[in-house]
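Here is a short report on one protein chain. Look over the sequence and the model first, then read on.

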Amino acid sequence: MRPKYLFSFLLLLIGNVLFSQTPQLTERSQVSLLTCAAGDELYYAFGHSAFRVQDPVLGIDVVYNYGTFDFDQPNFYLNFVKGRMIYSLSRRSFDAFLYEYELEKRWVKEQIFDLTLEERNQLLVFFEDNYLPQNRDYLYDPLLNNCSSITGDILKKQFGDAIEFDGSYLDKPYTFRQLVRQFLDTNSWSMFGIDLAFGSVVDRKATVQEHMFLPYYAMEQIRNTSLNGKPLLKRERTILDYNEHTQQRFFPLSPLFWFILLLAFTCAITYFDHTHKTRSRWLDFSLMFLTGLVGTFLLLLWFATDHTSTPNNFNVLWAFPLNVVVAFIFAFQDRLPKWSSKYLWSALGLIGIVLLLWIIQVQSFSPVLIPLFLTLAIRYVYLIRYSKL
């Protein structure tokens, strides 16, 4: 056995021996929340939270991490699409946990809880029970049940009404969509895709505790939480001190650039079509087929999955699923059917309804969609006029 594998095996063996029965922590023990900075990848974009338990007398220094998933799980990608992602609680040494963030140069802050010895042991027993093979897996939800939101859930479950989350630090209560947009550039493909997939259900105001689904908010909430009328936070310190990761945006690679380009291209083609009294069937097919395909996918996310954030998605009004079928009819017939005018007026009306829903704040839509709305409206109006020739 190679030395590095032998060392890892010994660490695992020692950990299993130490925790074969939950030890009783000593007075020098500490329980804390670790908050890790956001990273460059999408799944790191919101940061991370984990619990740390340490006791120098017993030689314990472990991290309980609820953000663990396995790509090799059966049907991993299918479950991801269906909204049935299984995450697990993992337990590893603090040094091993910290090494990853040192490599990625992401800051790590620690908030040590002001707990009695009994309360610290209570949390350790809970973590160890949760770590048992039959208990460690849980159904992940990116907004309602993730590695960060579980922080508030655990504190409430263990200490009940003795825990109070003070929300006075919030400038205002945000919606889930507004909270996500604070961590992603609106004019990025990641945020555009999330905005597109999210339904109107995420446009409700999050409760004080629900803000904790984001690690940065969980960290701020701990600073404003009391246990039995006293501050929960005993002390805070920075373990790794790196600058926040910033990403340089290149406008020509952004969705807004490409949608503006599509709008200009459609205007030019429509002008030439009008001049020559013709119709570019390939353009009509492309616009209608792609919007219909997007709408069909959104409809499936709404009705055929367990995602809690995708129902009631009114993006299906402008990305009308029936466009998939109509695209082929428009593509293979030189003259438009008699019913096409009514269909196109209806499609224009649906875009108008989307704008109305946006104005009255039933659902917030991605601002980068505006050039796309104009593209569709211009082409629909031209086709209505063309159908009367």
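## A loop residue: N145

Setting aside neighbours within four places in sequence, N145 is in contact (heavy atoms within 4.5 Å) with Y138, L139, Y140, I150 and D153. N145 sits in the loop between β6 (137–139) and α5. Helices (H or I, at least four residues) and strands (E, at least two) are DSSP runs, numbered from the N terminus.

How far is the side chain of N145 from the backbone oxygen of L139? A polar atom of that side chain lies 3.0 Å from the oxygen. N145 is partly exposed, with a relative accessible area of 22%. On this scale, buried means under 20% relative accessible area, exposed means over 50%, and partly exposed is in between (1.4 Å probe, protein chains only). N145 and L115 are 30 residues apart in sequence, and their C-alpha atoms are 25 Å apart in space.

## Basis of the model

This is a predicted model: local features need pLDDT of at least 70, side-chain atom pairs count only at pLDDT 80 or more, and totals for chains, interfaces and linings use all residues. Residues are numbered from 1 along each chain as its sequence is written, and side-chain values use heavy atoms, with hydrogens and water left out.

## The chain overall

The protein chain has 13 helices and 10 strands. Its C-alpha atoms fill a box of roughly 90 × 55 × 35 Å along the principal axes. Of the 389 residues, 47% are buried. Take the contacts with a separation of 6 or more: residues 24 or more positions apart account for 78% of them.

## Helix α5 and the residue after it

Helix α5 spans residues 149–159 and is mostly covered. Eight of its 11 residues are buried. They are S149, I150, T151, G152, I154, L155, Q158 and F159. One of these, I150, is also a contact of N145. G160 follows α5 and has a positive phi, near 55°.

## A buried loop residue: S309

S309 lies in the loop between α10 and α11 (323–332). Is S309 buried or exposed? S309 is buried, with a relative accessible area of 5%. Beyond its neighbours within four places in sequence, S309 is in contact with L143, A197, F198, G199, V201 and V202.

Two packed helices are described by the angle between their axes and the distance between the axes. Here axes are lines fitted to C-alpha atoms, for helices over the stretch in contact, and angles run from 0 to 180 degrees between N-to-C directions.

The axes of α10 (residues 281–303) and α13 (residues 370–387) come within 11 Å and cross at roughly 130°. That makes α10 oblique to α13. Angles under 35 degrees count as roughly parallel, over 145 as roughly antiparallel, 65 to 115 as roughly perpendicular, and the rest as oblique. The crossing is left-handed: the near helix is turned anticlockwise from the far one by less than a right angle, whereas clockwise would be right-handed. From α10, L283, D284, L287, M288 and T291 meet T375, L376, R379, Y380 and L383 of α13. These contact residues divide into six nonpolar, two polar and two charged. Ala, Val, Leu, Ile, Met, Phe, Trp, Tyr, Cys and Pro count as nonpolar, Asp, Glu, Lys and Arg as charged, and the others, Gly among them, as polar.

Helix α9 (residues 255–276) also meets α10: their axes come within 11 Å and cross at roughly 145°. α9 passes α10 in a left-handed crossing. L262, F265, T266 and I269 of α9 make the contact with W282, L283 and L287 of α10. By class, the residues are six nonpolar, one polar and no charged.

Definitions and conventions
A polar contact is a pair of N or O atoms within 3.5 Å; within protein, one must be able to donate a hydrogen and the other to accept it, and residues adjacent in sequence count only if both atoms are side-chain atoms.
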